[in-house]
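My entries follow in the order I made them.

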Amino acid sequence: MKIKQKLILSNLLMVFFAVLLVSVPVIIVQIKSMSENIAHVADGQVSTAYMEINHFLRKPEQITANIEHFISTQELDQDRMQDMFAHTLNGETIFSQLYFSGTKPVKDGGFFWANDRWQPPADYDQTTRAWYKAGRDAVTYDVSAPYLDLVTNSMVTTVARKAMRGNEFLGVIGIDVSLADLSNMVSRIKLTKSGISYLLDADGNYITNSDSSKIGKENFFKEYPQFDKFRSNFSTESVYVNLDAGANKYFAARNISNESRWTLVTMGSRHEIFESVQKNVLIILLFAIVAMGVSLVMAFLIAHTIVKPIEVVDKTINGIASGNADLTNRITVTHNDEVGSLVKGFNKFVEKLQGIVSQIKNSKSNLQNVEGDLQNNIHNTASAITEILENINSVSTQVDTQADVVSQTSAAVAEIAENINSLERMIGSQADGVSQASAAVEEMIGNITSVNQSVEKMANSFEQLSHNASIGVERQRHVAEAINQVAEQSKTLQEANKAIASVASQTNLLAMNAAIEAAHAGDAGRGFSVVSDEIRKLSENSSEQSKRIGAELKKIESTIEAVVSASQSSSKSFNDVSDMIGSTDELVRQIKAAMEEQQEGSHQIVDVLKMMNDSTLEVRTASKEMAEGNKMILGEIQNLQNATLVIKDSMREMGIGARDINETGAALSNISGEVRDSITQIGDEIDQFHT
């Protein structure tokens, strides 16, 4: 695989793993955050509905309790009881009927008193009715299953309670409650767009349903059998939430109270919960594809920019190393970087090498001339011994010249060796520089990674803070609603207090009339006069207490208004904090994205430096090989110098005696042949270079 392909592939792999490293944790965190958020929303909405339904049931429970207390302490009177029932339901829209039944069936002489003074038929037996049995057997009160009220033609349920006087069972009190408001309240509970909620009785039958034909007749757990296994987890203490309840559904439920045994359930499509996460996954995949495409183009351009000058250097060096060793070739410098510096150094080296080779070529011609003269002298030695001394002197002179030329050649080769050593030192300096640059860039990447981790922690902290602020806003809203309910209840107490004051006033007026009548009756009315005095005192005490209660209620109302104002200010502050946290979180995410881009660019720089370091190592290896070749040339030149010294010594010995001339001539002939071969060999090597 070529360097360009390696660069492109490594860049694509780096981008791919970077996308995985960023996208996978983001998706996991979003799914976890979405699951936690929907669980909190489910808990909040179901708990709010739990309180509203209990509040809805508290009023009929309180009415039956008050009537039970009145019955247990007063003598039973039909007109008085029916008037009180009618007065109690006056203005109430959610209650259709309030009644009290005795222990005997009407057909057996028993009674049934109601607010609308309804008279049951002669064969009516109320003791067989479900509401009667439930109220009679209940510890406190019981809530019946829904049924259709034939009078109002609407779905109602009955809150029933038994009336006791000591250990004596007096009968059952019942109040019919319309389920219309309750159905509207439950239908508003939705965790998702298509979510739906129901109120169920103890057996799982529908109490509320948009399809009125199912109320009290069909069972929720038979319609949705996959939820039946969760019933053991329901309680009045907390909300049960299951985001993977089967059939791609989520499910949440809570029991309303032990007395009613009602259960509030809500469910919907699990797909809608994670719809936003799926959209984010698609966006991440789209960005990943775009990033891969952009990185492919950038990788191709960067690889082409890096590899192109290296290819030019490779082509030139291979051309010099081949048989057509043209030392006139030069590489054009187009980059002012490490590659450009390498090209400049290579051009200088070739220039020096060209000069050295030119000098060696010139020396070759001289050596060939010397070798020709030496051969002629050897041949002439056999024909004329008398000319030996003259020839020896001539040969000695030529040998001296040869020694000088060899010395010059040795110096030139030594200079080549020095240049090669200098080149190797420069390459070593370059390698050290590249290593230092790589270390600096890697240190920078480490710092960027550290900063990126800090920014990531900051982003997570802002996400958690934003989530907590949202919870605070939601809880503040619930508190505000509860305070408004308290304010409404306080107004109801004001109205009740006014009614008490009116009753006390009328009672006082009756007491005065009774006192007047007692005075008219004389002694016969004394007992009645005592009773009227007591009634008047009771009326005065009631009036005084009513005034005190009214004053206290006004104080409570003022306090509630102050709390409402403070709650509104607190809600506004929570919203402002949530908005500022969102803005700051967006800024942190922008910083994080910029740091990730900087880190990606630093990794690319490190890869380029590593490639330059590898190229520097290859050049250093080639330089060492050239140094070894130069050492071989120096060895050959040293041999040549040694041979020249031998010739000189031989020439001196030839001057001592003519006897040794033949032997010396033969030896000189051999040496001349070796010199000729060496010169020919050196000439062949040098001729390969074009200068």
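I looked up R117 and found it partly exposed, because its relative accessible area is 38% (buried is under 20%, exposed over 50%, partly exposed in between; 1.4 Å probe, protein chains only). R117 is in the loop between β2 and α3; I take helices (H or I, at least four residues) and strands (E, at least two) as DSSP runs, numbered from the N terminus. Its phi is positive, about 55°, although R117 is not a glycine. Most residues other than glycine have a negative phi.

I note the source: this is a predicted model, where local features need pLDDT of at least 70, side-chain atom pairs count only at pLDDT 80 or more, and totals for chains, interfaces and linings use all residues. Residues are numbered from 1 along each chain as its sequence is written, and side-chain values use heavy atoms, with hydrogens and water left out.

I then checked R261, in the loop between β9 and β10 (263-269). Its phi is also positive, near 60°, and it is not a glycine. R261 counts as partly exposed because its relative accessibility is 42%.

Next entry: helix α3 (residues 130-137). Which of its residues are buried? I list W131, Y132 and G135. They lie on the same side of α3, because they cover an arc of only 100° around the axis (the arc of the directions from the helix axis to the C-beta atoms). On the other side, A130 and D137 are exposed. The cover over the buried residues includes β1, β2 (112-114), β3 (142-143), β5 and β6.

Leaving aside neighbours within four places in sequence, I53 is in contact (heavy atoms within 4.5 Å) with L182, M185, V186, L199, I256, W262 and L264.

Last, I looked up L13, which is in helix α1 (residues 3-73). L13 counts as partly exposed because its relative accessibility is 41%.
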